[in-house]
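Good morning, and thank you for coming. Please keep the sequence and the model in view while I speak.

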Amino acid sequence: MRWSSAASNAPRLEDALREATARVREGLAGATPDLLVAFVSPHHTAGWDTLPQRLHDALGARTLVGCSAGGVIGGRHELEEEPGLSLTAATLPGVRVRPVRLTEPAVPALADDPPAALVLLPDAFTFDVDECLRGIDAALPGCVTLGGLASGGRAPGGNILLETAAAHRAGAVGIALSGDVAVDTIVAQGCRPIGDPMFVTRSERNVIHELDGRRAAVVLQDIFARASQEDKTLFRSSLFLGVVMREDCQQYGHGDFLIRNVLGVDPRSASIVVGTAVRDAMVVQFHLRDARTSAEDLEALLARYHGQPAGALLFSCLGRGRGLYGRADHDTALFAERVGAVPLGGFFCNGEIGPIHGTTFLHGYTSAFGLFRPRGRPVS
């Protein structure tokens, strides 16, 4: 198994293709890739529809998957708000690579050879991602599903999805991998807890009326009153709710929460509206996010990983990158520092797909890594 990744910010697509394909070919020592993953910025919209054929002519990859991207990642760089083309290619001996194309949120027909992993690239304007992920988890237990929502477009038809020889404007594309392959995941949600874990004691759909028997907004007000001045500032723009994913735990720590948005407070009922369904007896805790917390969260997760991947893909939120950290290449540099010189490609998404404690979710403000290795290469 061999991987190679490159990115180009050349203003003309012809030049970007020439530059990126040459670097990828060099990284594969001239071998024909079994898989090519491509992400392209809106600056190259005029050439989107011809991209599959041009990539095939340049590299001859047996399977192509990709999409439009508000920013691209490759060759240890993150290209944001500028022309960008990212190519990540792999030779995968002993691995079956199957293209996936979905127009409805149904489970891909893969029961004949259940995949070890699915990489999914949906268009959020035309595809129900949550329904699809629920179906995949139910029908394909043990399959690692990750990916990201196409970005760069601002309306239905504004994104492009690449699938081998075709370019689509709706639905979802992806790849299914089976055989001698394993995929490890790192999902960095970038938050830290504030206050204490609490039980939801009265709720309705996505509205929390009571926490630990008290009105939810009153509980939140008490947490705010005890917070530092820095945290009080974050409350106004970066407050989230963490939902415990393993209810058998008695103590909750880093990585045990699924992070969801706090959408608002109803002053009449003193209830809190959140971006997920809740139920009574669920354990929750409020969380805050800022650049320092996000960096520390990712560093801690990467430090725990001791595998030897051959290549990796990164699906990162458009709200991260330079806008969050104030500089480019933060997540890719930290990945290289902690994991090593592993070819890494990806893009900045409108939503990130990755598992938390075995269940696949659509996230926001997250960096979701997929680390690919031969199945027999263990993680220490």
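Predicted model: local features only at pLDDT ≥ 70, side-chain atom pairs only at ≥ 80, totals over all residues.

Residues are numbered from 1 along each chain as its sequence is written, and side-chain values use heavy atoms, with hydrogens and water left out.

Let us begin with helix H6, residues 291-304. Helices (H or I, at least four residues) and strands (E, at least two) are DSSP runs, numbered from the N terminus. The expected span of a helix is 1.5 Å times one less than its number of residues. For the 14 residues of H6 that gives 20 Å, and the end C-alpha atoms are 20 Å apart, so the two values agree.

Which residues of H6 are buried? They are Thr293, Ser294, Ala295, Asp297, Leu298, Leu301 and Leu302, where buried means under 20% relative accessible area, with a 1.4 Å probe and protein chains only. Among the elements that cover them are strand E13 (182-188), strand E21 (283-288) and helix H8 (330-339).

How do H6 and H8 lie relative to each other? Their axes, lines fitted to C-alpha atoms over the stretch in contact, with angles from 0 to 180 degrees between N-to-C directions, come within 9 Å and cross at roughly 30°. The helices are therefore roughly parallel, a term for angles under 35 degrees. Contact (heavy atoms within 4.5 Å) involves residues including Leu298 and Leu302 of H6 and Leu334 and Phe335 of H8.

Terms used. Buried < 20%, exposed > 50% of the residue type's maximum accessible area, 1.4 Å probe, protein only. Parallel < 35°, antiparallel > 145°, perpendicular 65-115°, else oblique.
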